Amino acid sequence: MVADRTAQGVLVCLSGPSGVGKSTVCQRLVRRLDAMLSVSATTRPPRPGEVNGRDYWFLERADFEARIAEGRLLEYAQVYAGQYYGTPAEPVAEALAAGRTVILEIDIAGTLQVARRYPDAVTLYLLAPTAGDQQQRLVGRKQDTAEAMAERLAKADGEIRKAKECGAYKHFVVNADLDDTIDRLVAIIRAAASEHKENSGV
Ligand code: 5GP
């Protein structure tokens, strides 16, 4: 894959263990930065209340695999229970070309792929202050079966180690106080945006 250096907007990847508060953080960042939040495609079934095209594009496996083959995904990975998750490439490229900040809420494997294609991407890993906090948030949101929750919690420990070792993340931010976390992330993204502008001579 060729590095895309013509993009003008800033691409942000946000990852973190399940239950760390990524979705809330993303929504707040979208409002503060007037950013575009990418809607991922997935083969996992919708949870109650999730809407196709808003939360995810819910696709059949064959459809997802056709999009991989056609090169229509910026990145993709099998995240939980062998289900595919991926970022549709076109809306991201269009928004970046229009100078917008684009936020991807994706896992580590996806971030590694994005970082290769967009070396200037701002890669963020969100951490919970303690494992107990994370467990409480996960149980509190009541979206998953006990089995799915256990898988997510078990995966979280190894994930944090992997995030630190893989070299894809430029920033690790502890999400202790939401307002404070948002302020710090906004500062990181704005700093990257001005550096990006200087480098591309805009
Ligand atoms: P959930 O099933 O809870 O909606 O999402 C689980 C995890 O899948 C998210 O926390 C995120 O890390 C990951 N994920 C969501 N969308 C994408 C995507 O487009 N690509 C990749 N690689 N991971 C994703």
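Colleague: What is the strand order in the open sheet of four strands?
Modeller: The order is 4-3-6-5, and the pairing is mixed. Strands are DSSP runs of E with at least two residues, helices are runs of H or I with at least four, and both are numbered from the N terminus. Two strands pair if DSSP finds at least two bridges between them.

Colleague: Which are the edge strands?
Modeller: Strand 4 (57–58) and strand 5 are the edge strands, as each pairs on one side only. This is a predicted model, in which local features need pLDDT of at least 70 and side-chain atom pairs count only at pLDDT 80 or more, while totals for chains, interfaces and linings use all residues. Residues are numbered from 1 along each chain as its sequence is written, and side-chain values use heavy atoms, with hydrogens and water left out.

Colleague: How many bridges join strand 5 to strand 6?
Modeller: Five, and the two strands run antiparallel. Within this pairing, Tyr76 stands opposite Gly86 in strand 6.

Colleague: And which strands does strand 7 pair with in the parallel sense?
Modeller: Strand 1 pairs with strand 7 (residues 102–105) over four bridges, in the parallel sense. Here Cys13 stands opposite Leu104. Strand 2 (residues 36–37) also runs parallel to strand 7, joined by two bridges, and Leu37 stands opposite Ile103.

Colleague: Changing topic, what is the volume of the largest pocket?
Modeller: The volume is about 1,200 Å³. A pocket is an open set of points on a 1 Å grid over the protein atoms alone, where a 1.4 Å probe fits, with protein on both sides within 12 Å along at least five of seven lines; lining residues have an atom within 4 Å of a point. Grid points are joined across faces, edges and corners, and the volume is the space filled by probe spheres set on the points.

Colleague: Which lining residues are closest to its centre?
Modeller: Of the 42 lining residues, Lys22, Ser23, Arg47, Tyr56 and Glu105 are the closest to the centre.

Colleague: Which element gives the most to that lining?
Modeller: Helix 1 does, with five residues.

Colleague: How many of the lining residues are nonpolar, polar and charged?
Modeller: There are 15 nonpolar, 13 polar and 14 charged residues. Ala, Val, Leu, Ile, Met, Phe, Trp, Tyr, Cys and Pro count as nonpolar, Asp, Glu, Lys and Arg as charged, and the others, Gly among them, as polar.
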